Amino acid sequence: MTLLTVTGLHVRSAEGRDLVSDVSFTLGAGERLGLIGESGSGKSMTALAIMGLAPPGMTVSGGVVFDAPGLGRTDVVTAGERRLTSLRGRATSTVFQEPLTALDPLMRVGRQVAEPLRRRRGLRGRALHAAVRAALEEVRLADPDRIARAYPHEISGGQRQRVAIAMALACDPALLIADEPTTALDVTVQAEVLTLLDGLVEERGMALLFISHDLAVVSRIAERVIVLKNGVAVESGSVGEVVNAPRHPYTRELVGSARRLDGALEWRTS
Amino acid sequence: MSAGRRRVSRRVPRSATLIAGCVLAGLVLAVAVVSFFWLPYAPDDTTGGRLMPPGLPHLLGTDKLGRDLLTQLMIGARVALEAGAGAVLIGGLVGLAGGLAAGFATRWLDDTLSALLDILIAFPTVLLAMLVTAAREASLGSAIIAIGLAMSAIVARLTRVLVKRVLAQDFITASRTSGTSWPRVVVEHVLPNIWPTLSVNLALQFGLAVLAEASLSYLGLGAPPPNASWGRMLQEAQASVFIAPAGVIAPGVLLVVLVVGVNLIADGVRDVADPTRRRTR
């Protein structure tokens, strides 16, 4: 079953620059798609446009159709704000790159996680408290009660990203968009968070759109990849195809530099 | 958790400036409260003899009409606090609404509002007060409206900038991606995040409003007699400052005490209102 159909997506800035040009892909329930590109390649803009959250002044055209179970068919590009608000969180939710800025600095962590639970599942009081605890435990946070009482600046970067993941999962989205979720983290923490995401997506049968500039990371978690350069999808295919037989020069460059890094590491450690 | 915010924070820090400010402003507040229940003399009692020096039975002496200075001073405290609170209420609400509107507005509307605010800020408060007085009458209410309107422009401009800064943050987008509607975003994220800065500014504005009311009264644009205002007391005592200095010193000192107190509170509030600052203290 197709969850998301993107056809000929264009995003144009207020100055008339094309940020995303003619990007098309489909995403089935439980599928994992990686979106690779350097910064400025339009990958984050693609994600925002999919949620109908392109910044004011941007012109979005093309088709972005969600067909999430129980939510009906919605074309995000033409849908009204009310419809989109009810769709967000349940059809799709997002984990961002920098967890410190993605959490409200003045709100205790527990309250931030509670907010979507309260709104979407209508939980109150004790039930809500228990749900927050469960949500924090699900992302493998030790001592969830302490974390819930803390402000974002009082916990570590890895813990913050786990909280952000808990928030994104709170509404049980059909599609999780992860926008460079491990880039701001230490390498060891990166691996942990990646494993966690991998497991959670697996358990819940969620679809995943994983955005990164790091081919090695994407190839670990995604099944298919799309390579973006200057807003244009230059190559797409299964991870195996793209990594083993890159066709576009830019993809070759990406694969090549990833291999060189690997080679250098092996030479160092052998 | 929803219960968590209602609960008093476990670590509300004790701020020395906040305590000092509360003591000073509290002193004036206490005087104002007492004035409602007890006054040494009736406000229009002129039997004390003119320009009596401090002593008994008139603790601070009398003014040029023979009225008891302490009585006038106590009523003046009431007027000063009313002016500050009224102006902050008007300026805060109007300014917050205008600032939020500008912060959320499209480019075109935002530019229009900003230009309007710039004009309003450049407009002299005294002139504004004269216009309001001409339209209504010379009263404390007119003075409060004029000061509040002048203040609202400053508050609106600050609010606009703060709102724009908060809206640009990732956590607003993050909250929107989980399906929070705009009104909820304002209540849950925007207002709490602009409040630490805004509350400090409002406290400072309170002090400025007290001074503005004193200036307007000094110019005869404030509360008419017999409602004593510190500003008018200063003006009336000015001619006799060398014969009866108490008439100038007393309201002057109280004015300073109140404004310094309020400013110290503003400083203290900044430390308490923002949890991210608590750690570094």
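I counted polar contacts between chain A and chain B first: 10 residue pairs, both residues at pLDDT 80 or more. A polar contact here is a pair of N or O atoms within 3.5 Å; within protein, one must be able to donate a hydrogen and the other to accept it, and residues adjacent in sequence count only if both atoms are side-chain atoms.

The model is predicted: local features need pLDDT of at least 70, side-chain atom pairs pLDDT 80 or more, while totals for chains, interfaces and linings use all residues. Side-chain values use heavy atoms, without hydrogens and water.

Next, salt bridges (a side-chain nitrogen of Lys or Arg within 4 Å of a carboxyl oxygen of Asp or Glu). I found 3 across the interface of chain A and chain B. I looked up Glu115(A) with Arg184(B): the closest N and O atoms are 3.4 Å apart. α4(A) gives the largest share of the side of chain A that touches chain B, 6 residues. Helices are DSSP runs of H or I, at least four residues, numbered from the N terminus.

Then the area. I read about 2,900 Å² buried between chain A and chain B, 55% of it from carbon and sulfur atoms. That is accessible area (1.4 Å probe) lost on putting the two parts together, summed over both. Leu106(A), Arg111(A) and His153(A) supply 23% of what chain A buries against chain B, more than any other three residues.

Last, α5(A). I noted Leu128(A), Ala131(A), Val132(A), Ala135(A) and Leu136(A) as buried, meaning under 20% relative accessible area (1.4 Å probe, protein chains only). The buried residues of α5(A) fall within an arc of 130° seen down its axis, so they line one face of the helix. The arc is taken from the directions from the helix axis to the C-beta atoms.

How values were computed: Residues numbered from 1 in each chain as written. Chains lettered and ligands numbered in written order. Buried < 20%, exposed > 50% of the residue type's maximum accessible area, 1.4 Å probe, protein only. Helix = DSSP H or I, 4+ residues; strand = E, 2+ residues; numbered from the N terminus.
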